[in-house]
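Q: I have a model open and want to learn to read its features one at a time. Can we go through it together?

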Amino acid sequence: MTNWSVFKFGGNSLKDQESLERAIDLVSEFGNGRLLIVVSAMGKSTNALESYLEARINKDLILENRIWQELKDFHIEISKSLNLFDEMLRLGIEGELNRIRKQSIDSPYERLYDSIVSAGEILSSIILHAAIQTKFPNASWLDSRMVIKTNRSHKRADINLEYTERCIQDKLKNQKGVWISQGFIGASEQTKETTTLGREGSDYSAAIFAYSLKAKELTIWKDVPGLMSGDPKFFRNVQLLHEVPYDEAMEMAFFGASVIHPKTIQPLKRRDIVLNVGSFFDNKSKATKISNFNFLKPKIPCFLRKSNQTMIEVKSKDLSFLSDVQFSDIYNIFSNIGLTVNLAQHFATKGIFCISSEPRLIATAASKLNSYDIFLENDLVLYTIRNPDTESKNWLKRKGQPMMEQSSARMDQALLLE
């Protein structure tokens with residue numbers, strides 16, 4: 001373990017002047033230790049860049065120009081609000097936005113997506129770097145594409161962990177002070193092209209940096225008190241979880257705890273690095289600690305909600321039995337095109353799968369499964385209760401008739417209409 005620490009600031013932590021000033025305060029309170037800061041795109045910039053990409057593809061020039069100008073105005077206004085806007089920052093912001101404007105749309109969609117949407121993290125890190133320099137003049141900026149090395153799978157790249165660790169160590173092991181880098185993005189070690197790690201992948205990036213630096217801790221700053229027993233927007237009477245075992249945190253993240261990305265936990269567990277999930281605006285309150293604990297504290301039911309789900313029924317055309325080989329082929333089709341199966345049930349002549357909905361990918365899957373009868377149901381929500389008790393089980397039953405359900409000692413699940 002080294003004396004490095006890693007902070008991760010999400011988009012909501014960098015969305016306006018007040019948030020940026022708070023981020024500066026948190027870094028200042030940390031002191032003069034070795035600190036790497038990983039940032040997401042500011043506010044809703046990723047959504048805006050996705051809309052910009054669609055406008056480019058659809059050749060809607062009016063919408064394309066409007067979104068581009070809004071992105072430019074948003075980042076410049078934030079810079080001006082903190083009195084940061086100078087010639088160097090102007091060149092950085094305009095240079096990145098001009099880069100995406102010049103991007104040819106003849107590339108495959110996934111490659112084009114990564115090249116354009118990655119601009120959000122670059123812009124965010126440029127502005128935060130300028131802000132941090134007002135308190136730490138020697139703060140340094142690091143392009144994560146120089147050290148986060150991935151395969152060539154655009155939109156869902158896998159990290160070459162050993163190579164990435166060497167690159168990060170070579171760059172930072174003898175460095176001190178504050179460094180600012182980007183989450184969500186990396187670069188193919190073969191082609192050097194920009195890749196992304198999947199939506200909300202900045203937490204994972206932060207965990208990779210912490211792992212590679214053998215950091216003592218990673219702190220993810222959120223606009224909530226910490227990891228709760230349920231999202232307060234959807235569930236009542238939720239409580240702050242004080243201590244969460246690594247395995248429990250991974251399960252909760254996978255099934256809908258949006259506070260952390262599912263891939264975040266594994267690299268931290270491998271090196272026993274503590275993950276703090278703390279309140280961005282109240283860092284003196286008790287944060288959630290995720291570590292090598294034996295039990296959840298407090299040990300209570302945890303309510304999880306995963307929206308935007310699609311149920312896919314895959315059925316043999318002639319009522320023939322589906323073998324293990326056929327089920328394996330179906331899973332391989334989903335996996336190879338990047339669809340995540342969240343719940344599955346196997347029957348003699350069919351399989352039913354709950355999948356996070358991505359229309360482009362589901363259409364591709366359906367075309368590859370043309371030897372079966374396919375039935376789709378969209379706009380579903382997967383509810384999961386970890387550590388269910390009688391009261392929480394009854395609550396789930398009252399939500400309605402499930403299209404799929406599953407129950408065990410540790411977990412109850414139901415797939416329902418939105």
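Q: Which order do the three strands of the open sheet have?
A: Strands of a sheet pair through backbone hydrogen bonds, either parallel or antiparallel. Keep in mind that this model is predicted. Here the order is β4-β6-β7, and the pairing is mixed. β4 (149–150) and β7 (194–196) are the edge strands. Each has a single partner strand, so one side of each lacks a neighbour in the sheet.

Q: In what sense do β4 and β6 pair, and over how many bridges?
A: The sense is parallel, with two bridges between β4 and β6 (residues 185–188). Threonine 150 has serine 188 of β6 as its bridge partner.

Q: How far from aspartate 114 is the nearest side chain of opposite charge?
A: That side chain is lysine 155, at 7.2 Å. A salt bridge needs the charged atoms within 4 Å. Aspartate 114 has none, yet it is buried. It sits in helix α5 (residues 109–117). Leaving out residues up to four places away in sequence, aspartate 114 touches His154, Lys155, Thr194, Thr195 and Thr196.

Q: Which residues have the most contacts inside the largest nonpolar core?
A: In soluble globular proteins, nonpolar side chains tend to be buried together. The largest core here has 56 residues, and Leu36, Leu218, Ile260, Leu275 and Ile290 have the most contacts inside it. Helix α8 (residues 202–213) gives the most to this core: eight residues. Another core lies apart from it, with 48 residues, including Leu53, Trp68, Tyr113 and Trp221.

Q: What does isoleucine 290 touch, not counting residues up to four places away in sequence?
A: Its contacts include Leu227, Val244, Tyr246, Ile260, Ile273 and Leu275.

Q: How many aromatic pairs does a search of the whole structure find?
A: A pair of aromatic rings is described by the distance of the centres and the angle of the planes. The search finds 14 pairs. Take tyrosine 109 and tyrosine 113: centres 6.2 Å apart, planes at 45 degrees, so the pair is tilted. The two are four residues apart in helix α5, about one helical turn.

Q: Why is the pair of phenylalanine 303 and tryptophan 395 edge-to-face?
A: The planes stand at 80 degrees, and over 60 counts as edge-to-face. The ring centres are 5.3 Å apart. This pair links distant parts of the chain, 92 residues apart: phenylalanine 303 is in strand β12 (residues 302–316), tryptophan 395 in helix α13 (residues 390–397).

Note on methods:
Residues are numbered from 1 along each chain as its sequence is written. This is a predicted model: local features need pLDDT of at least 70, side-chain atom pairs count only at pLDDT 80 or more; totals for chains, interfaces and linings use all residues. Side-chain values use heavy atoms; hydrogens and water are left out. Two strands pair if DSSP finds at least two bridges between them. Buried means under 20% relative accessible area, exposed over 50%, partly exposed in between (1.4 Å probe, protein chains only). Lys and Arg count as positive and Asp and Glu as negative; His and the chain ends are not counted. Contact means heavy atoms within 4.5 Å. A nonpolar core is a set of buried Ala, Val, Leu, Ile, Met, Phe, Trp, Tyr and Cys residues joined through side-chain atoms within 4.5 Å. Rings of Phe, Tyr and Trp (its six-membered ring) pair if their centres lie within 6.5 Å; planes under 30 degrees apart count as stacked, over 60 as edge-to-face and the rest as tilted.
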